Amino acid sequence: MEQLAFVVKDLDAAADAYSKLLGVEKPPIIHSGSADITNVIYKGKPTEGKSKYMFINTPLIQIELIEPGESPCTWKDHLETYGEGVHHISFVVKDMEAKMKMLEEMGYPVIQTGNFFNGKGRYAYMDTKATFKVIIELLERYDE
């Protein structure tokens, strides 16, 4: 497991709180990339998937804070349905297609896929909430 991600209404306020708690410098805001790079597919349809992010690195795990924009995406739906809180846990994988297929065969369909904003990898959110009470994200980096 590499990452624990939270969906928040106010990225700056959440980052202030986490940075203070962890005694670290507040990280920079990252804006989602252009749609031609991120290629976000949500529930089988293309979307901009606009959002803002911050990544806080700790010795054991990375904390991701996500403030969704207005375009359809899993983060926006989560915020509207459940409010702020844990959205997903992330695992780095190799051969994402095989891992996605394995999870789909186990009954966990894909919710959303896309490329990293910087084009150096991709992700897939799998609908594992019913069993694990959280979404599992698969991460595949192209530089590894």
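Predicted model: local features only at pLDDT ≥ 70, side-chain atom pairs only at ≥ 80, totals over all residues.
Ten of them (10 strands) build an open sheet with mixed pairing, and they follow the order S2-S5-S6-S1-S7-S10-S9-S8-S3-S4. At the edges sit strand S2 (30–31) and strand S4 (45–46), each of which pairs on one side only. In general, strands of a sheet pair through backbone hydrogen bonds, in either a parallel or an antiparallel way. Strand S1 (residues 3–7) and strand S7 (residues 85–92) are an antiparallel pair, joined over five bridges. Within this pair, Leu-4 has Ile-89 of S7 as its bridge partner.

Helices come next. Helix H3 (residues 74–82) lies across S1, S3, S5, S6, S7, S8, S9 and S10, and runs at about 145° to S7. Helix H4 (residues 96–105) lies across S8, S9 and S10, with a direction at about 0° to S9.

Leu-22 belongs to helix H1 (residues 11–22). Its relative accessible area is 36%, so Leu-22 is partly exposed.

Most residues other than glycine have a negative phi. Asn-39, in the loop between helix H2 (35–38) and S3, has a positive phi of about 45° although it is not a glycine. Asp-95, in the loop between S7 and H4, likewise has a positive phi, near 60°. Asn-39 is partly exposed, at 45% relative accessibility, and Asp-95 is partly exposed at 47%.

Methods
Residues numbered from 1 in each chain as written. Heavy atoms only, no water. Pairing = 2+ DSSP bridges. Helix = DSSP H or I, 4+ residues; strand = E, 2+ residues; numbered from the N terminus. Contact = heavy atoms within 4.5 Å. Axes fitted to C-alpha atoms, helices over the stretch in contact; angles between N-to-C directions. Buried < 20%, exposed > 50% of the residue type's maximum accessible area, 1.4 Å probe, protein only.
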